[in-house]
Amino acid sequence: MELGHHISQRYNEELEDIRSKVLQMGGMVELQAENAVKSLLNHDRPLAKEVASADHKINEMEMEIDEDCIRVIARRQPTARDLRLVIAVSKVITDLERIGDEAEKIALYSKKLAKKKTVIGMHSDLAHLSELVLTILHDSLDAFARMDPEQAVKILGSDTQVNMEFDNLSRLLITFMMEEPRHIKGALRVSWCARSLERIGEHAQNICEYVIFLVKGKDVRHTSLEHIRSKYFPQDLEDEEPEED
Amino acid sequence: MIDISKRSEFDIEIKGTVGKPFVNNPKMSSRNCDVFYGDKQAIFDVNLDIANNEIIAMIGPSGCGKSTYLRVLNRMNDTIPICKVTGEHTLDGEDIYAKKQDPVLLRARVGMVFQKPNPFPKSIYDNVAYGARLHGLASNRAELDEVVESSLIKAGLFKEVKDDLNKPGTGLSGGQQQRLCIARAIAVDPEVILMDEPTSALDPIATALIEELMDELKENYTIAIVTHSMQQAARVSQRTAYFHLGKLVEVNETDKVFTNPEHQLTENYITGRFG
């Protein structure tokens with residue numbers, strides 16, 4: 001999808017500027033999430049502190065991009081795909097900011113968890129969930145950067161996997177808490193981290209929905225994946241069918 | 001500088017009209033409309049319905065044929081000797097180009113408001129009363145007074161001019177003059193009002209007043225408006241028709257045209273792109 005080619009060169013620059021700021025913000029958020037997970041898995045308190053203290057940069061970025069969007073709406077009255085870009089960006093950055101908040105929460109819990117390395121048993125399950133969520137986040141940002149609705153719809157399908165991992169981990173934590181009541185506090189913190197990871201996955205999927213809206217002009221929120229696929233991506237289904245056989 | 005020969009819009013082929021050019025039970029309707037000025041063809045095979053009580057906006061770059069098409073609808077092109085109009089054009093299912101059709105009566109049913117306010121050099125009262133007198137719509141002075149007053153009220157001008165009805169219409173401000181022209185068009189009780197860039201000579205406040213007026217008028221009339229302001233088309237119309245190089249490219253609900261148009265050329269035009 002082309003952003004440029006307006007008669008007004010300045011307008012091209014303004015839209016491109018907004019887009020590149022979103023990518024920059026996406027990069028910052030991804031790094032925050034990665035570092036938060038690292039600090040959690042490696043009991044790295046200094047890194048957790050760093051994540052917690054860097055969240056304000058993301059908040060500022062959100063406000064700056066929102067201001068840019070308002071300015072473009074007021075001055076250019078964007079229409080069609082330009083309008084969809086501005087609206088999608090304004091929504092994407094809200095989700096990015098929330099992801100930043102979740103990363104901050106993970107960092108705060110991991111700071112506390114780092115003192116007591118008791119909940120080690122969950123390490124591999126937590127690592128698994130983290131990896132899955134970070135991949136989804138990375139791919140969503142990639143789909144946004146390339147404005148690729150096909151990739152976006154694929155990511156929407158990974159929802160069930162995250163839920164499965166999250167449920168698994170929750171079950172393990174419950175068992176652990178029953179066996180070791182002294183460590184309930186720590187186990188709850190791990191559970192909250194898992195919850196934050198699950199939320200990050202949800203926000204990343206929202207971003208994918210906005211990518212589809214941006215390129216295809218269709219609002220696919222609150223729509224089943226099957227419906228989205230059959231209605232807007234019939235080509236994908238044809239490609240996949242032979243594999244299923 | 002933009003090199004016009006490199007504009008890719010000339011490479012995009014227009015195959016018929018996309019979207020929804022047809023409606024059930026149309027007020028006006030055109031089929032296979034071609035218009036020629038001498039040897040030059042200005043409009044190519046336009047097929048379009050205009051629904052009852054809708055405002056349809058016609059947009060497109062200069063020279064795309066939108067004004068020419070508007071003038072087809074009340075036979076204003078008859079006044080241009082070299083102009084030839086073909087195809088079928090109906091108002092309530094009746095052929096408006098039929099031999100028995102009197103163009104003067106047609107123009108009473110299909111009124112027109114132009115870009116530049118053009119009141120007659122007469123009093124405000126006489127400007128509005130002119131058409132009613134011509135078509136014998138009032139049998140005495142009291143009836144004529146009523147026609148003038150109700151037309152001025154509908155055009156949203158009465159309050160401003162009620163004490164100055166005998167003053168010349170040309171003494172009003174631009175926006176007031178345009179509303180006077182609308183009152184004049186309404187006075188003959190038309191069914192359709194054609195507006196050819198009615199606000200392009202007006203300031204934003206006068207424009208807003210006319211747009212508000214259009215919204216009220218659509219309760220009783222069908223309105224077709226040609227406009228260069230896309231925001232105006234987006235604000236006032238229910239459907240939008242995009243013309244390009246004499247062809248009707250796309251007709252769709254205005255909401256759709258401005259958020260997710262079907263045709264690439266429509267998108268390029270409304271987003272301010274050249275290729």
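How many residues of chain A are in contact with residues of chain B, and how many of chain B with chain A?

Modeller: Please keep in mind throughout that this is a predicted model. In it, 13 residues of chain A are in contact with 13 residues of chain B. On the side of chain A that touches chain B, the largest share is five residues, and these come from helix 3 of chain A, which spans residues 80-115. Sorted by class, that side of chain A has four nonpolar residues, six polar ones and three charged ones.

Leaving aside residues up to four places away in sequence, A:Ile106 touches A:Ala36, A:Val37, A:Leu40, A:Cys193 and A:Ser196. A:Val51 is 55 residues from A:Ile106 in sequence, yet the two C-alpha atoms are 9.2 Å apart in space. For chain A as a whole, among the contacts between residues at least 6 apart in sequence, 79% join residues at least 24 apart.

Chain A consists of nine helices and zero strands, and its C-alpha atoms fill a box of roughly 65 × 50 × 20 Å along the principal axes. Of its 245 residues, 41% are buried.

The mean pLDDT of chain A is 91, with 94% of its residues at 70 or more. Among the elements of chain A, helix 2 (residues 45-76) has the highest mean pLDDT, 96, whereas helix 9 (residues 234-244) has the lowest, 61.

The largest nonpolar core has 141 residues, and those with the most contacts inside it are A:Val89, A:Val211, B:Met58 and B:Ala224. Not counting residues up to four places away in sequence, B:Met58 touches B:Lys66, B:Tyr69, B:Leu70, B:Ala224, B:Val226, B:Ala241 and B:Phe243.

Chain B, for its part, has an open sheet of four strands in the order 3-2-5-6, with antiparallel pairing. Its edge strands are strand 3 and strand 6 of chain B, each of which pairs on one side only. Strand 2 of chain B (residues 28-37) pairs with strand 3 of chain B (residues 40-50) over seven bridges, and in this pair B:Val35 stands opposite B:Ile43. The hairpin of these two strands has two residues between them, and there B:Gly38 takes a positive phi near 65°. Strand 2 of chain B is also joined by eight bridges to strand 5 of chain B (residues 83-91), where B:Ser29 stands opposite B:Thr90. Finally, two bridges pair strand 5 of chain B with strand 6 of chain B, and the bridge partner of B:Leu91 in strand 6 is B:Glu94.

Notes:
Residues numbered from 1 in each chain as written. Chains lettered and ligands numbered in written order. Predicted model: local features only at pLDDT ≥ 70, side-chain atom pairs only at ≥ 80, totals over all residues. Pairing = 2+ DSSP bridges. Contact = placed C-beta atoms within 7 Å. Nonpolar A, V, L, I, M, F, W, Y, C, P; charged D, E, K, R; others polar. Buried ≥ 20, exposed ≤ 12 C-beta atoms within 10 Å, placed from the backbone. Core = buried A, V, L, I, M, F, W, Y, C linked by C-beta atoms within 7 Å. pLDDT = per-residue confidence, 0-100.
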